[in-house]
Amino acid sequence: MKPPPSNGPWKSLPLIDVATLQRGFDLPVQSREPGEVPIFAANGPVGFHSTHKVCGPGVVTGRSGSIGKVHYVAQDYWPLNTSLFVKDFHGNDPRFVFYLLTHLGLQNYCQGTGVPTLNRNNVHQVPVPVPPLSEQKRIAEILDRAEALRSQRRAALALLDELTQSIFLDMFGDPVSNPKGFQWGTMGDLFSIKHGFAFKSEYFCDSADHILLTPGNFYETGGYRDRGEKTKFYSGPIPDGYVLQQEDMLVAMTEQAPGLLGSPLFVAESGVYLHNQRLGLVNLKANADRNFVFELLNTKAVRLAIQSSSTGTKVKHTSPSKITAVRVPIPPVNLQQRFALIVNELEDLKNIQRSGLTKHDMLFSSLQHRAFRGQL
């Protein structure tokens, strides 16, 4: 990262002199007590505890596994040993440091091929631009306002998703208790699942015509693919039948993040996307509507059923046969289609919010870029 022009009171300092990072602390699940102190792992908050280890406000990022995301914590907290936290702000504004680390792109400094790890000794030596404290606060306030616009769009998308699920439960009832008295069946009566292909990592690259979809591409609030920083590109040979089409429905076969296993996703953008082994391609049968099946997979009851049959210690995973064996009520097709009409209307509203979010993302990125070049 280049510092801004030296025509003002900015300094270029090694990160260790601006925000000293330290590894977090062990806290086994069995040792956690009920409380209101947030616990942070590499990918963000993962629960609560009765006591804190670090006084807030604070800044936390991933040390091992999930690297690149930075989190601001307004209160006292407990960072786990998979995370790094700012031990010393050296008198700098914590909010400014949060945006600085976000802009720095910490994922570019990780090591290791299996489980990537961020070595703080390496990133500590990276030179970063540092303005006076008053300028730090001004920059942080501007970026806070831009971030608030993005947060409002994300919240609106989340509310629309909740509304869709509420309408689903009102029309069809809980799939465990089946209060509407629909005929019982299994997921396999509604669809089959095609397993993906094990594309070789030796062909992964930074840029190519083919994008390899993984569970990491699942959009947090909408179920549509999100390229983001987790996009993988592929330049190797492609076997027949593993190129995805726009509007294909997929289901996560591994749990790369808490609660992700069994999540559905649509391929919403045109492009050349590849179907890897961590995702199952849903092939609908004649008695199944795609919107109904999508929301059925999104219900807590079905997700819990899928997760309860999963295997694995470090990373949970499932199989097509386990998913299709889940017992569910099967409503008439005409009722499913009525639901689909409502979903399509809500989807139009979601698209408006997604378009607005894209614009606000671009605005935030532009402001952030200008801020750390001294041009804001």
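This is a predicted model: local features need pLDDT of at least 70, side-chain atom pairs count only at pLDDT 80 or more; totals for chains, interfaces and linings use all residues.
Phe 204 sits at 29% relative accessibility, so it counts as partly exposed: buried would need under 20%, and exposed over 50%.

**Aromatic pairs**

- A pair of aromatic rings is described by the distance of the centres and the angle of the planes.
- The structure holds 18 aromatic pairs.
- One of them joins Phe 172 and Phe 182, a tilted pair with 6.4 Å from centre to centre and 55 degrees between the planes.
- Phe 172 belongs to helix H3 (residues 133–172), while Phe 182 is in the loop between H3 and strand E12 (183–186), so this pair ties together parts that are 10 residues apart in sequence.
- Both Phe 172 and Phe 182 are buried.

- You'll find His 275 in strand E20 (residues 273–275).
- At 1% relative accessibility, His 275 is under the 20% cut-off and therefore counts as buried.
- Leaving out residues up to four places away in sequence, His 275 touches Lys 194, His 195, Gly 196, Phe 197, Phe 199, Tyr 242, Leu 244, Leu 250, Gly 280 and Leu 281.
- The C-alpha atoms of His 275 and Gly 196 are separated by 5.2 Å, though the two residues are 79 apart along the chain.

- Most residues other than glycine have a negative phi, and most peptide bonds are trans.
- Gly 56 and Pro 57 are joined by a cis peptide bond, with omega at about 0 degrees.
- Pro 57 is in the loop between strand E4 (44–49) and strand E5 (58–62).
- His 90 has a positive phi, near 55 degrees, and isn't a glycine.
- Look for His 90 in the loop between strand E8 (83–88) and helix H1 (94–104), where its relative accessible area of 37% makes it partly exposed.
- Glu 247 is another non-glycine residue with a positive phi, about 80 degrees.
- Glu 247 is in the loop between strand E17 (243–244) and strand E18 (249–252), and it is partly exposed at 33% relative accessibility.

**The chain as a whole**

- The chain has 7 helices and 22 strands.
- Its radius of gyration is 23 Å, close to the 21 Å that the globule rule gives for 376 residues, so the chain is as compact as a globular protein of that length.
- Along the principal axes, the C-alpha trace spans about 70 × 50 × 40 Å.
- Buried residues account for 47% of the 376.
- Of the contacts between residues at least 6 apart in sequence, 74% join residues at least 24 apart.
- The accessible surface is about 18,600 Å², and carbon and sulfur atoms supply 51% of that.
- On the charge side, there are 38 positive and 33 negative side chains, and the centres of the two sets lie 4 Å apart.

How values were computed: Residues are numbered from 1 along each chain as its sequence is written. Side-chain values use heavy atoms; hydrogens and water are left out. Helices (H or I, at least four residues) and strands (E, at least two) are DSSP runs, numbered from the N terminus. The radius of gyration is taken over C-alpha atoms; the globule rule is 2.2 Å times the number of residues to the power 0.38. Buried means under 20% relative accessible area, exposed over 50%, partly exposed in between (1.4 Å probe, protein chains only). Contact means heavy atoms within 4.5 Å. Accessible areas come from the Shrake-Rupley method with a 1.4 Å probe; for residues, only the protein chains shown count as cover. Lys and Arg count as positive and Asp and Glu as negative; His and the chain ends are not counted. The place of a charge is taken as NZ of Lys, CZ of Arg, CG of Asp or CD of Glu. Rings of Phe, Tyr and Trp (its six-membered ring) pair if their centres lie within 6.5 Å; planes under 30 degrees apart count as stacked, over 60 as edge-to-face and the rest as tilted.
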